[in-house]
Number of protein chains: 2
Amino acid sequence: MIDYRRLRVALLGAGAVGSQVARLLIEHADELADRSGAALELAGIAVRDVDAPRDVALPRELLTTDAETLILGSDIVIELMGGIEPARGYLLQALNSGADVVTANKALLATHGAEIFDAADQVGASVYYEAAAAGAIPIIRPLRDSLAGDRVNRIIGIVNGTTNYILDRMDIEGADMAGILADAQRLGYAEADPTADVEGYDAAQKAAILASLAFHTTVPLEAVHREGITGVTRQMMDAARHAGYVIKLVAVCERMVGRGAASDGEAISVRVYPALIRRDHPLASVHGVNNAVFVQAEAAGNLMFYGAGAGGVQTASAVLGDVVSAARRHIAGGAGVGESTRANLPTVDIGQVVTRYQITLEVDDRPGVLARVAGILSDGHVSIATVEQTVQEHTTTEPSAHSAGDAGSARLVIGTHKALEQDLGETVARLAEDDVVERVVSVLRVEGD
Amino acid sequence: MIDYRRLRVALLGAGAVGSQVARLLIEHADELADRSGAALELAGIAVRDVDAPRDVALPRELLTTDAETLILGSDIVIELMGGIEPARGYLLQALNSGADVVTANKALLATHGAEIFDAADQVGASVYYEAAAAGAIPIIRPLRDSLAGDRVNRIIGIVNGTTNYILDRMDIEGADMAGILADAQRLGYAEADPTADVEGYDAAQKAAILASLAFHTTVPLEAVHREGITGVTRQMMDAARHAGYVIKLVAVCERMVGRGAASDGEAISVRVYPALIRRDHPLASVHGVNNAVFVQAEAAGNLMFYGAGAGGVQTASAVLGDVVSAARRHIAGGAGVGESTRANLPTVDIGQVVTRYQITLEVDDRPGVLARVAGILSDGHVSIATVEQTVQEHTTTEPSAHSAGDAGSARLVIGTHKALEQDLGETVARLAEDDVVERVVSVLRVEGD
């Protein structure tokens, strides 16, 4: 047995991830020492209530409600409490005392990342956060280090397991969202209040973190355009399947050239929304609660990283990898390497984004309607790539609201060439107001071409 | 413009990868400085012949045939010459002078890795080799760092683009290997002498590197069991497709418990061979020259890393990521972090491996044959999971060699439960000698269950 230098490790939080981290630190202590070159001594676990029931039995003597005293004199502080405060205060305390910190707190990094990273730079400490985006999937180190000599042009990520589970089952079963969401809640894949997941807040936080790394730019959460999945209906899923697509909630981080108000050079767009993905794209076969991050880089070409996006023990794997890295750095000496943010690219508004769209309309079924719709699109600088028209079958016995003349109802599915989001939005508004259009059924972006 | 500290970079080799690395170091100098915190000054490029034609125009004044003088006083040495000598000597010279080294040399690392890593440890320098396994795919950092707190149980990798291209086209087109290999050579996907790829030598070197990282053990190349793809026929591909499989050349690195001569605890198996992969496994959809590495870890679960496994500019991406990491470490100070090899697990012989098999036999088509074959398997401790028997149609007009009695010929495809390779080998030998068996058509392992 080698006599390793001892490092004092403080754990803040003993929830689903924290309790697994504590268990693995204790059970695998010898292996972790061999790998990191340091004996990792779990000095204590700060919790709100030492008597609360937990998934994993933890040594009672390690539990404390006094996080601040625990942090004092620690070499590595692992923050798994979540939320902004008191997590932010504890991390700043830890960094100011010279400890390295490991965190899975995406909400904190997406909102106060710059402050945390600055505090680390001041004292030459390091912040590790592999678990803050895409759970167990190693994506932070590949972006931060492996691709540091390349230029990332686009990331398309499925980074929220809850919404992928819901959309995947809607696609496979042809079912409505409500029942599947209830199942997901029962199975522990969705929270009792699912807002953070289904409205895209969680994905937006991860998108901000990934974009910051990929583009060497501090991307504030407010710069991320966000739409959730609550507007996705069974009918939209069915129509997507019919057209060779699947609908996924994607986080898109994109480098753009020559666009963006603040710059005539490069800019970036970061956005989260449900989008159509072609069935033969690697992201289309990401099922259930899994995550995947598809990266397009100038030199490396297309890369994909796939795995479990959440789960207590899975996320604990990423946290422990960070703990080993922090320990190795402590033993090797030297300052921590700060974040690379000097590119400082401006973020463009969603209106400046260029992508393809699929517009589904219900229109009057009479001569001249297609010409009229095509004319509105053309006037709006939106070029049509594909059109499919089908006559609607009225399944209701009530008389149609549009009973004047011979006009039944038809459905138009229009695939556009690449268009400016702003032009597209204005054009769709004009379509919605036009007499021949009964209803704009859906407008979806197409990603991953 | 920030006045960064200058770091002197020496490049050894200006082939397909080296010339791209030189180009990107020059073209992206400002970006690389912002990202690494150091001005990376390309001090020179050592080549065998300064007048040789190159893919990329390189500044003539940087070219030199004197590698040893170039290495003197360099902070970072990039070795992209390939081969054992003089690459080994140059790397040792660089490390001994305190430089960090970046290399894509899998042959060198798989045979002299321990010597190189020891030399780095002696002086506190670092060795970076992201490009040495699976080209542009970030797999070294995920294994070395992200998964350092987890326990990797199995890696199944498609790590050779040439053989994947050949097998993929055989599968899709139902074609013979010879013509596709000729195409691959014409397209630059295969060397004029394809031995290193088609006989599995290249994959075996990468398997040794991946297994060393995954199991914290120095795995010598001699410990890797290696079989190439030259025995894979169109008929085997067709039969695999019929059974719901595809044949891929895989590198398998596996942790085993309770097996292996030298240990009653844990051991590892590292092996390269063509294997059957189920069509619904993520590795089955890795097409063309792409690579993918599928990792099963105790806590993280299943992960997959996918991307370009070769190519000059793609591999240059991985090399430059390493250069940025080396530069950041130089600026931060501190010693390099050595390889983690203290687990020191023994490697078992191929005979100790346990996996599933598919055995294809041509047998006499007469009563009692299936019972006889099943008896031989049972005697050899090989348990049958599935059997499919089809009567052979004789497409030749020549009389059958087995014309005695009414015995035509039948084909038996036997899927086994998990069996010990040694038992399987002995059993197949007994089958081959038995009177009822006309021919053992093929024996393939099944991986990825």
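# Getting to know a two-chain model

Me: Hi! In chain A, what share of the contacts with a separation of 6 or more comes from residues 24 or more positions apart?
Reply: Such residues account for 76% of those contacts in chain A, where contact means heavy atoms within 4.5 Å.

Me: What kind of model is this, and how is it labelled?
Reply: It is a predicted model, in which local features need pLDDT of at least 70 and side-chain atom pairs count only at pLDDT 80 or more, while totals for chains, interfaces and linings use all residues. Residues are numbered from 1 along each chain as its sequence is written, chains are lettered from A and ligands numbered from 1 in the order in which they are written, and side-chain values use heavy atoms, with hydrogens and water left out.

Me: How many helices and strands does chain A have?
Reply: Chain A has 14 helices and 17 strands. Both are DSSP runs numbered from the N terminus, with at least four residues (H or I) for a helix and at least two (E) for a strand.

Me: And how much of chain A is buried?
Reply: Of its 449 residues, 57% are buried. Buried means under 20% relative accessible area, exposed over 50% and partly exposed in between, using a 1.4 Å probe and protein chains only.

Me: Which strands make up the open sheet in chain A?
Reply: Six strands do, in the order E3-E2-E1-E4-E5-E6, with parallel pairing. Two strands pair if DSSP finds at least two bridges between them. Strand E3 (63-64) and E6 stand at the edges with a single partner strand each, so one side of each has no neighbour in the sheet.

Me: How many bridges join E1 and E2 there?
Reply: Eight bridges join strand E1 (residues 5-12) of chain A to strand E2 (residues 38-46) of chain A. A:Arg8 stands opposite A:Glu41 in E2(A).

Me: What about E15(A), is it enclosed or open?
Reply: Strand E15 (residues 408-416) of chain A is largely enclosed by the rest of the structure, because eight of its nine residues are buried. Strand E13 (residues 354-365) of chain A pairs with E15(A) in the antiparallel sense over eight bridges, and A:Asp365 stands opposite A:Gly408. Strand E14 (residues 384-391) of chain A is also antiparallel to E15(A), over seven bridges, and A:Ile384 has A:Thr416 as its bridge partner.

Me: Switching to helices: how many residues of H12(A) are buried?
Reply: In H12(A), 18 of the 21 residues are buried.

Me: Where is B:Ser317, and what does it touch?
Reply: B:Ser317 is in helix H12 (residues 312-332) of chain B. B:Ser317 is buried, with a relative accessible area of 1%. Leaving out residues up to four places away in sequence, B:Ser317 touches A:Ser146, A:Leu147, A:Asp150, A:Ala299 and A:Ala300.

Me: How many cavities of 30 Å³ or more turn up in the whole structure?
Reply: Seven. A cavity is a set of points on a 1 Å grid over the protein atoms alone where a 1.4 Å probe fits but cannot get out, and lining residues have an atom within 4 Å of a point. The largest cavity has a volume of about 800 Å³, a volume being the space filled by probe spheres set on the points, which are joined across faces, edges and corners.

Me: Which residues are closest to its centre?
Reply: Of the 37 residues that line the largest cavity, the closest are A:Tyr128, A:Asp145, A:Val337, B:Tyr128 and B:Asp145.

Terms used:
1 Å grid on protein atoms, 1.4 Å probe; cavity = no way out; pocket = protein on both sides within 12 Å on 5 of 7 lines; lining within 4 Å.
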